[in-house]
Amino acid sequence: MTLDSSPNQVTSLELSNGSEAATGAGVDESSDCPVSAVRTLLEAHRGERQIILLQDFPDPDALSSAWAYKLIAATYTIECDIFYGGTLSHQENIALVKLTGLPARRWILANNDGPNLDHYQGVVLVDNQGTTSQLYHPVRKAGVPLVLVIDHHAPQDNLDAECIDLRPHIRATATMLTQYLQQGLLRLDRSNTKHTKCATALMHGLRADTNQLMNAAADDFLAAAYLSQFYDGQLLNAILQASRSKRVMDVIERSLRNRKVQNNVSIAGVGYLRYEDRDAIPQAADFLVTEENIHTAVVYGIVHDEDEEREVVIGSLRTSKITLDPDEFIKEAFGQDGAGRFFGGGRSRAGGFEIPVGFLSGFYENSEYNRLKWEVFDMQIKQKLWRLVNPEEGIITTD
């Protein structure tokens, strides 16, 4: 079953066995069409067990959406387990999981203590397309079929899923899952504490990915209106009041000190970061974009994972410029790997990238070596970004 939608219409909907469920350009996207596809899938997989994979560093949108899918699947007697391969480092993400009891677990591949993959009949990707999850390829290699992808990002890779609900015009995956609820895949009950906490998580995810609804579209406002009947305002406020750690503040200070500005774009490299501090990078980008006369900020650093002895260049982009497409910008800047997968992508007003350091991975006692390695990566990333920012290059313009 595949579902492909454009910003204005659902263009195709087919069952995996080749029979046609609905066709046609011109199907109103506000109809039940995407939900019907997911409903059919759930009916076909009754009684099975599925593994839900999130991006390595899941945000509130991913966490809440995965939980909502897990609750929906349970009504079809489908048992789901939620996993991510990285860590939770953003203070609000930690608070979200702790205060709501959100059932997402970390799976460290290097420890060989993951779940028994023989127990799963399908894998579900939520708020990602496998390119930002180190767990995806081991799960697929174990023979677990990809049954469903639910995402609001632009296409990142060719997926052989049984069903794909990919809607880049939607501002948050939480909006899509809320539409599933609205259209009857699960009836929320205000007296059910688990439902109330999940609705609160969805509201948080929706607000986070729409800049507190400042960038929300009609679908997002309708979803928020629906969730307002069920969510716990005091619980959401407690999640939002989580304070920044000193390490996050240090990274923000480093980004301020190292930023270079050209044509109203601020670019900052923050050097080496510990794996658990990765979420300081998007927070620094959120901060830099608020500077006067700045419409776009990019912050990046080399994140060192001691558990797996690997390093990854991780970066975040934030923009207030309506005519700048983060997905196009990042894909144009950094391109693809040897397998044709893009190193990054984006959505409205935000984007990110992850580039493996590869052979040069490893943090050594020799501080001079580490300094030289950082300078090489820092210069290379700046060159790729500046050639797009500087209009004299003529490669891409934001006006």
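Guide: The secondary structure of this predicted model comprises 12 helices and 15 strands. Of the 399 residues in the protein chain, 54% are buried. Contacts between residues at least 6 apart in sequence are made up, to 67%, of those that join residues at least 24 apart. The protein chain exposes about 17,300 Å², with 48% of that area supplied by carbon and sulfur atoms.

Within this setting, a search of the whole structure gives 6 aromatic pairs. A pair of aromatic rings is described by the distance of the centres and the angle of the planes. For Phe83 and Trp107, the ring centres are 5.9 Å apart and the planes stand at 70°; because an angle over 60 degrees counts as edge-to-face, this pair is placed in that class. Phe83 belongs to strand E5 (residues 79–84), while Trp107 sits in the loop between strand E6 (104–106) and strand E7 (122–126). The pair therefore ties together parts that are 24 residues apart in sequence. Both partners, Phe83 and Trp107, are buried.

The rings of Tyr226 and Phe230 have another geometry: their centres are 5.2 Å apart and their planes are at 55°, so the pair is tilted.

In soluble globular proteins, nonpolar side chains tend to be buried together. The largest nonpolar core here has 56 residues, and those that touch the most other members are Leu42, Ile52, Leu54, Tyr69, Ile72 and Leu148. Helix H2 (residues 60–74) provides the largest share of this core, 9 residues. Leu42 illustrates the packing: leaving aside its neighbours within four places in sequence, Leu42 is in contact with Tyr69, Ile72, Ala73, Tyr76, Ile78 and Leu185. Another core, of 23 residues, lies apart from the largest one and includes Ile267, Val298, Phe334 and Phe377.

Beyond its neighbours within four places in sequence, Asn93 is in contact with Pro58, Asp59, Pro60, Leu63, Leu88 and Asp279.

Phe359, Leu360 and Tyr369 make a nonpolar surface patch of about 350 Å². Tyr369 is located in helix H12 (residues 367–389). With a relative accessible area of 31%, Tyr369 is partly exposed, because that class lies between the limits of 20% and 50%.

Ala339 is found in the loop between helix H11 (326–334) and strand E14 (344–347). Its relative accessibility is 52%, so Ala339 counts as exposed. Ala339 and Asp157 are 182 residues apart in sequence, yet their C-alpha atoms are 9.6 Å apart in space.

Conventions: Residues are numbered from 1 along each chain as its sequence is written. This is a predicted model: local features need pLDDT of at least 70, side-chain atom pairs count only at pLDDT 80 or more; totals for chains, interfaces and linings use all residues. Side-chain values use heavy atoms; hydrogens and water are left out. Contact means heavy atoms within 4.5 Å. Patches are made of residues with over 30% relative accessible area and no salt bridge: like charges are joined within 9 Å, nonpolar side chains (Val, Leu, Ile, Met, Phe, Trp, Tyr) within 5 Å. Accessible areas come from the Shrake-Rupley method with a 1.4 Å probe; for residues, only the protein chains shown count as cover. A salt bridge is a side-chain nitrogen of Lys or Arg within 4 Å of a carboxyl oxygen of Asp or Glu. Helices (H or I, at least four residues) and strands (E, at least two) are DSSP runs, numbered from the N terminus. Buried means under 20% relative accessible area, exposed over 50%, partly exposed in between (1.4 Å probe, protein chains only). A nonpolar core is a set of buried Ala, Val, Leu, Ile, Met, Phe, Trp, Tyr and Cys residues joined through side-chain atoms within 4.5 Å. Rings of Phe, Tyr and Trp (its six-membered ring) pair if their centres lie within 6.5 Å; planes under 30 degrees apart count as stacked, over 60 as edge-to-face and the rest as tilted.
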